[in-house]
Every structure is written in C-alpha cells, then in structure tokens.
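Let's take a walk through a protein model together. Have a look at the picture and the sequence, and then we'll go piece by piece.

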Amino acid sequence: METNNNQNNTQEPIKVSIVGASGYTGGELLRLLLMHPKVKVMQATSERNAKKLIKTVHPNLRHLRPIKFTSINDLVACDLLFLCLPHKTTMEKISQLKQLAPKIIDLSGDFRLKTKEDYQKWYEHEHTNPELLNQFVYGIPELHKEDMKNANYISSAGCNATCTILGLYPLIKAGVIDLKLPIIAESKCGSSEGGNKFSLASHHPERTGCVRSYKPTRHRHTAEMLQELSIPIDNPNNAPEDNGAEQKPNIHFSATSIQMIRGILTTSHVFLKPELNLTELDIWKIYRSTYKDQPFIRFVNDRSGIYRMPEPKILTATNFCDIGFQKDPQSNRLVVISAIDNLMKGAAGQAVQGMNIMMNFEETLGLEFPGLHPI
Amino acid sequence: MVECPECAAAMNVASDVEQGEICMCEDCGAELEVKTTEPLKLELAPEAQEDWGQ
C-alpha cells in the first residue's frame, strides 16, 4: 500500500457536513464518516426529514452519534462539504454552497464533464454554471491522485463510469487496443443505482427477478468514459515516437438491471492491436505497472476456487475495484471484467478516498473493510 | 523474489528450494515447477496425469 510521509497527523478532526444526506449515497457517507478517525460530522441535510434523527432513514446507524437532519437553509460553515443533491440542483446551488466550505466533494453528475456542450449532448440541458466546470477534478483517484492532492473541488465519478474506466484505463494508456474497432462495454447493475425514490418500475412484483435492459444506449456515464479515456499513449515499453499520440476510443456502453441490490459487474470487449502479438502475461504486466501502489485495485484471475473472476457480491460495502481479464485464444479479443459496489467505490467510498487524498490523510483511512463472505 | 511466469506477480520463494519442487503463486494460484535454481526459473507445472503404464 502507498504511504505518504507528509501525512496530515494533526489531532483535531476536520468538520464536514453532508448536503442531501437522506439518500443511499448520503447514508453510506454517514456510515463511513461517523466512523472515520479524522472527521467530525457536523450536519446532514434533508428537507423532507428535517429535525428527524438520521436513524429514522438510515436504521443501520442507530447506535452511532444521534444526529438530526437539518434543512439546507440552516447549514453553517465547515471544512468540507459533501454534496449528494439531485442532478441539476448542485449546479444551481453551488455558488451559495461554496461560501460555506473551502473544500467540496460533489457526488452528482453536475461537474463531472469538462464542457457545457457535453452537458447539452448527454444530459440534454444547459449547464447553469459552466465557468466552474474546470475547477473540479474528476474524482477517480487512480487517474487523478496528484491533481486531487491540491484540489479544492472534486467531482466524484459515476458508478458505471468508475467500473468501466478502471477496467480499460491501463490498456488504453499503454496504447495496445486497436481503436479502429469499437470498445463494447456492458454493466450489470444493482437496484440501489436507482436511488431511494420508488416508482412502479421499482415495485416489488415488477422489479423482483428482472433482467431489464434499461439503457442499451445513451447512458450518461458514457460521456465520462469518453472524456477520461481519451488519453495519449504513455507506455515506457514503446518507442519514444509512439508515446504521446492522442487516442479517441469509440466506446459503446449498455446497462442492465439485475436481481441485485448493490454492485456492478462490467464486461468490456476490446480488440488488441494484432501486430503486437500480446500474451496474457503481457497484459498482466500492463495492469500491474499501471496500478502499482493503488490500494483499492485488486486483480482477480485465479486458477482455482469459486471466485476466479471479479464478482460484485463479495465487494459489498468495500471500496475495492476487482479487475480480471481473459484473452480469446482464437482472436485478438480481450474480455476485461471489473466489479465494484456502486454505493462504495462507485459513490461514497470513492468520495471518502478523495477526501483522504485532498486532506492529506492516509488514503485508506476509514475504508479498510475487507467485505463479507458468505453473503 | 521472482516473477510468476503466468501473471507477473512478485513471488517469494524459499532460498533452499530444490529443482523439481512445486510452488504456488499466491496471486493467480498457478502451480509452478522449479526448473533450475541458479538462476531460479519457474515454469507452469504440468497437470497431474493418469499413469497408463503397463
């Protein structure tokens, strides 16, 4: 695991508040932050639940500090704000919220993309604060850790985007994918991705047992994948003239809801450049060198046992991203399999990881839980 | 320290390991045969096979 010799070892915990804390992501943030040794949770807002104890909405937090939800209008200044507001709400309130804390981690999609044109294209609405887009660091630490160390604002990444990007990033960075061909990625998703607002579609008789293709195309997280994976080749094994070449992957993403509450399993199909004649050992080396010293990336490609490939079930409540792959011996197709807990590495856990980096704490602090088995 | 020939993981192998000994990569679970000790060289061990000798 990475260690940082210049860590923030001050005794005084930082004061944080969570805006929009009644949803599943807010609940997970409360669970992590109430147990975090360097954090004091000051306020948790919910308009619908103002003045109620947080345990009324998040019953798993029953024995922890008895905090009551407050209204967003009663927020006071603190060191760091986590924003878990609905999409479009954050961009409207950001100017007011910036007055309350020098550091912000936003978990909505409102500041993930870098251009207002992308919001028009993928979210089909105008961005009301486009001048702030470049002030936010995109919040996947495995890609942007150095920028996050000096950031005041982080936009935590989308869950499907995180799972897909982490699986593909080492290969694209190394320049080994034939980008003349498309990359096809498909995520199987748990129901908690839909949040805690119910509808007829989430009604038990309708939702139970379903395998529902809910976004075959046009998933908004595709925009994040295209943005974050349009990167130059950076591979020490390449000839110098090959490095630095800009790449524009053509990623096609689909999402399917399955009978699972938490978790994402992403299967990505890529085609390797045939002239490179890469073996699985070469692919292993690419992954290992890219994610060396990343404490939340694990490689799962075992020859024995039951869990030989990544599986979200055993990642429940952990901040890990498990990655495995297999090369088709009949072709240059490489199948990359990645898995996360959508509420953890796909939301609250990754946000706390970002906070740890931003505040110069140990990166893994408060996130060491190894998961449950059996579950 | 030696590299697993299957998954490139860094492996700790005992200093007194002998030729022909089987060790396992803790990362990918591959069973590896010590082909030579100086230099230390590992190869994927063959699957156990039935002896059909008469």
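How many helices and strands are there in chain B? Chain B has zero helices and five strands, where helices (H or I, at least four residues) and strands (E, at least two) are DSSP runs, numbered from the N terminus. Along the sequence, that reads as β-β-β-β-β.

A quick word on what you're looking at. This is a predicted model, in which local features need pLDDT of at least 70, side-chain atom pairs count only at pLDDT 80 or more, and totals for chains, interfaces and linings use all residues. Residues are numbered from 1 along each chain as its sequence is written, while chains are lettered from A and ligands numbered from 1 in the order in which they are written.

Back to chain B: of its 54 residues, 20% count as buried. A residue is buried if 20 or more other C-beta atoms lie within 10 Å of its own, exposed if 12 or fewer, and partly exposed in between, with C-beta atoms placed from the backbone. Chain B also touches chain A, and the contact takes seven residues from chain B and 10 residues from chain A. Being in contact here takes two residues whose C-beta atoms, placed from the backbone, lie within 7 Å.

Now hop over to chain A and find strand 4 (residues 80-83). Both of its faces are covered: Leu80(A) and Phe82(A) are buried on one side, Leu81(A) and Leu83(A) on the other. Strand 4 of chain A pairs with strand 1 (residues 14-19) of chain A in the parallel sense, over four bridges; for two strands to pair, DSSP has to find at least two bridges between them. Four bridges also join strand 4 to strand 5 (residues 103-106) of chain A, again running parallel. Phe82(A) is a handy landmark: Ile18(A) is its bridge partner, and Phe82(A) stands opposite Ile105(A) in strand 5 of chain A.

Next up is helix 7 (residues 221-229) of chain A. Why is helix 7 of chain A largely enclosed by the rest of the structure? Because seven of its nine residues are buried. Among them are His221(A), Met225(A) and Leu229(A). The cover over the buried residues includes helix 3 (116-123), helix 5 (159-174) and strand 10 (251-257) of chain A.

Thr208(A) is exposed, with 9 other C-beta atoms within 10 Å.
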